[in-house]
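Visitor: Could you take me through one part of this protein slowly? I would like a close look at the nonpolar core and what surrounds the subject.

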Amino acid sequence: MPQASDSSERRYHGFSLKSVCWGYRDLFRQTIERLFAEGLIGGEKREVTEQFFSLLKEADQSCYDHVLKRFLGAIHPGTHWIFDLPGSFGDIVETGHLLATAKPHYGVTFFEVLGNGGLGNTPEQVRHALELTRRLWAIDHDLALAMVRGYQRLLGRLAPREIDLYAEAGIRSFARNRKAGLAFLEGTVESAETYVLSLTREARLQDVSPLLASLLKSLTGSEIAVENLSQLDADDLIERGANCVCLYRWLYLPDRVRRYEDREQNRAWYKLAAIVAAGCLAEDSFCRIHGHPQFATLADL
């Protein structure tokens, strides 16, 4: 079998095919030469090229070679864009190596999922997947791997912030029951689908508060702060079933609404609450003086 020449090894930034188990050497050589020919490494892409070969130098004629084979297999036209983003490429290499160092099959799974588009097909999606994987890795290695396996099921259905909420639910489940938490993040249990459906219909105050503040100002002529209802004394409000509290210059609403099956209907509930509050304020009802600095006590009132 032909061996890499000294000039080839220099071109390979110190990486030698001799460090790869013999059964993979032709595959590695062909893939590397193809990447050079396509301009994905070499030339002006010095940073990416160095990162690429820094991972290949982990070859040990043993288990890590299986990881590297999956890494090279993840490189295809659908993932070529990562070579144009040194930061993202470096994060992928570092995260894959982090997982593989703990257990080779972690790294194998990571690169297989990457190649299948399971971590996303845009820089934003992949970046979020890597950040989430590292955060979960700090909690438990298997928890992070479960998220890697289940991430693709969430793409296209949930926004990044919603995926974070899903991950938090998985962490809570994991704290109660390890097996159940892993299955939840992989998305292989019914409760996972139920939670995804709840997120897709949910409207959240943080998303609509700027709109509500503008609506209130246009209807009342006053700056009305839209705040989370949880800032108030919640026990009495829960007992009374209160979901909307309007004061002199504040409107307090729940942080999330799941009353209806459709998200837009739940967003409409927030708008309706703001319009009702605006009507009360515009007509100088009790909420107009409640909380007013001139009426701090009953005697003042």
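Guide: A nonpolar core here is a set of buried Ala, Val, Leu, Ile, Met, Phe, Trp, Tyr and Cys residues joined through side-chain atoms within 4.5 Å. Please keep in mind that this is a predicted model. The largest nonpolar core has 70 residues, and Phe 15, Phe 52, Leu 56 and Tyr 166 touch the most other members. Helix 8 (residues 141–154) supplies the largest share of this core, with 8 residues. In soluble globular proteins, nonpolar side chains tend to be buried together.

Let us look at Tyr 166. Beyond residues up to four places away in sequence, Tyr 166 touches Leu 154, Leu 158, Phe 184, Leu 185, Gly 187, Ala 192, Tyr 195, Val 196 and Leu 199.

Now to helix 14, which covers residues 263–282. Its 20 residues reach 29 Å from the first C-alpha to the last, close to the 28 Å expected at 1.5 Å a residue. Among the buried residues of helix 14 are Trp 269, Tyr 270, Ala 273 and Leu 281. At the N-terminal end, Asp 262 caps helix 14, with a side-chain oxygen 2.9 Å from the backbone nitrogen of Glu 264. Just after helix 14, Asp 284 has a positive phi of about 55 degrees.

Finally, Gly 42 sits in the loop between helix 2 (25–37) and helix 3 (46–56). Gly 42 counts as buried because its relative accessible area is 16%, under the 20% cut-off. Setting aside neighbours within four places in sequence, Gly 42 is in contact with Phe 36 and Thr 49.

Notes. Residues are numbered from 1 along each chain as its sequence is written. This is a predicted model: local features need pLDDT of at least 70, side-chain atom pairs count only at pLDDT 80 or more; totals for chains, interfaces and linings use all residues. Side-chain values use heavy atoms; hydrogens and water are left out. Helices (H or I, at least four residues) and strands (E, at least two) are DSSP runs, numbered from the N terminus. Buried means under 20% relative accessible area, exposed over 50%, partly exposed in between (1.4 Å probe, protein chains only). Contact means heavy atoms within 4.5 Å. The expected span of a helix is 1.5 Å times one less than its number of residues. A polar contact is a pair of N or O atoms within 3.5 Å; within protein, one must be able to donate a hydrogen and the other to accept it, and residues adjacent in sequence count only if both atoms are side-chain atoms.
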